[in-house]
Amino acid sequence: MGFWAGRRVLVTGHTGFKGSWLCEMLLARGAVVSGLALAPDTRPALFAQLGLAGRMDHALGDIRDSALVAARLRDARPEVVLHLAAQPLVRRSYREPLETWATNVMGTAHVLEGVRALDAPCAVVVVTTDKVYENREWEHPYRENDPLGGHDPYSASKAGTELVAASWRKAFFAGPGVRLATARAGNVIGGGDWSEDRILPDLARAFGAGKPLLVRNRHAVRPWQHVLDPLEGYLMLAERLAGPEAARLEEGFNFGPEPADQRSVGALVEAARQHWAGDWTDATDPKAPHEAGQLALSIERARMVLGWQPRWDFARAVEETVGWYRDVAAGADPAERVRAQIAAFGGGV
């Protein structure tokens, strides 16, 4: 079991898609897992499909409530905090900009203040996004030292999250004790994501119902990767933050696919159709809110400093993801499929 065996870990956002996969990985490694999140907002929800409420210290709460966050941290006494809780959807951020900023920026500040109040050693990974960079619509992969920015409220608020983390690190966490880094993942795909406005969940709903998939922004290029790859990166980063070399790791890290695996939305849909037959139609709306057209990440820092690199290429990521949805639609057990993929990936030890 190694580092994670018996380790007290708090995951915020544990009821979400990525949080649920992460908790399953941590439990497989023997960690003592606590969580703080809102109730799942999708039906179905991977959190329920995995039966996680009965297998970890599960608590519901809103990270916009500073007193609740502080109490949860005191109760869990974590040695590692993996902060995933967020409002993660671009289009929703246009509808709910204030809620997005309050959750992503002030919610993060509440978590970090709660960690500070513990006055105990802790490794903290704050998860943001590939969209934190000032997007210039170029093919150059964004590096961790490129300027932060954001057009839509989601992207801008996540850039704000990065600034909050940097401020707390410099102002309050200097020296040994709390070690803090941020993680910026690419566009994550994987079975069990039932969110709105995401291409493969939309495909699963459409193809499962025998309807055509409506595709927005088919020419937009994204760094697609299977959910297990960045989650493995978060765990590697947290483990190293808890070790003697932590001081040189307190910065941002990109976790994305190899350069050859940056693909358009249209290419993703065509790859998915190799594993689940169905039709799609172009639903591009010229009046739709702005979304980035070109986005790529440089992963050289994670490769050189952490020894991390993606294990599943674009084809494998699509195959595993679409296969999960297709098999579950046909009656397969979703939890068994998740655990089988973790085992195949090599993330259960």
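Predicted model: local features only at pLDDT ≥ 70, side-chain atom pairs only at ≥ 80, totals over all residues.
**Exercise 1. Asp130**

Solution. 
- Step 1. To place Asp130, look at the loop that lies between strand E5 (122-127) and helix H6 (153-171).
- Step 2. Now set aside the neighbours within four places in sequence; Asp130 is then in contact with Arg184, Ala185, Gly186, Asn187, Pro223, Leu295 and Leu297.

**Exercise 2. Helices H11 and H12**

Task: Work out how helix H11 (residues 314-329) is oriented relative to helix H12 (residues 334-345), and which residues make the contact.

Solution. 
- Step 1. The two axes come within 10 Å and cross at roughly 160°.
- Step 2. Angles over 145 degrees count as roughly antiparallel, so H11 is roughly antiparallel to H12.
- Step 3. The crossing of H11 and H12 is right-handed.
- Step 4. H11 contributes Arg316, Glu320, Gly323, Trp324, Asp327 and Val328 to the contact, and H12 contributes Pro334, Arg337, Val338, Gln341 and Ala344.
- Step 5. Sorted by class, the residues of this contact of H11 with H12 are five nonpolar, two polar and four charged.

**Exercise 3. Helices H7 and H9**

Task: Repeat the analysis for helix H7 (residues 199-208) and helix H9 (residues 265-273).

Solution. 
- Step 1. The axes of H7 and H9 come within 11 Å, with a crossing angle of roughly 40°.
- Step 2. An angle under 35 degrees would count as roughly parallel, and 65 to 115 as roughly perpendicular.
- Step 3. The crossing of H7 and H9 is right-handed.
- Step 4. On the H7 side the contact is made by Ile199, Leu200, Leu203 and Phe207; on the H9 side, by Val265, Leu268, Val269, Ala272 and Arg273.
- Step 5. The contact of H7 with H9 has eight nonpolar residues, no polar ones and one charged.

**Exercise 4. Glu232**

Task: Is Glu232 buried or exposed, and how many residues separate Glu232 from Gly346 in sequence?

Solution. 
- Step 1. Glu232 is located in helix H8 (residues 228-241).
- Step 2. Its relative accessible area is 8%, so Glu232 is buried.
- Step 3. Glu232 and Gly346 are 114 residues apart in sequence, while their C-alpha atoms are 9.7 Å apart in space.

Note on methods. Residues numbered from 1 in each chain as written. Heavy atoms only, no water. Axes fitted to C-alpha atoms, helices over the stretch in contact; angles between N-to-C directions. Helix = DSSP H or I, 4+ residues; strand = E, 2+ residues; numbered from the N terminus. Left-handed = near helix turned anticlockwise from the far one by under 90°. Contact = heavy atoms within 4.5 Å. Nonpolar A, V, L, I, M, F, W, Y, C, P; charged D, E, K, R; others polar. Buried < 20%, exposed > 50% of the residue type's maximum accessible area, 1.4 Å probe, protein only.
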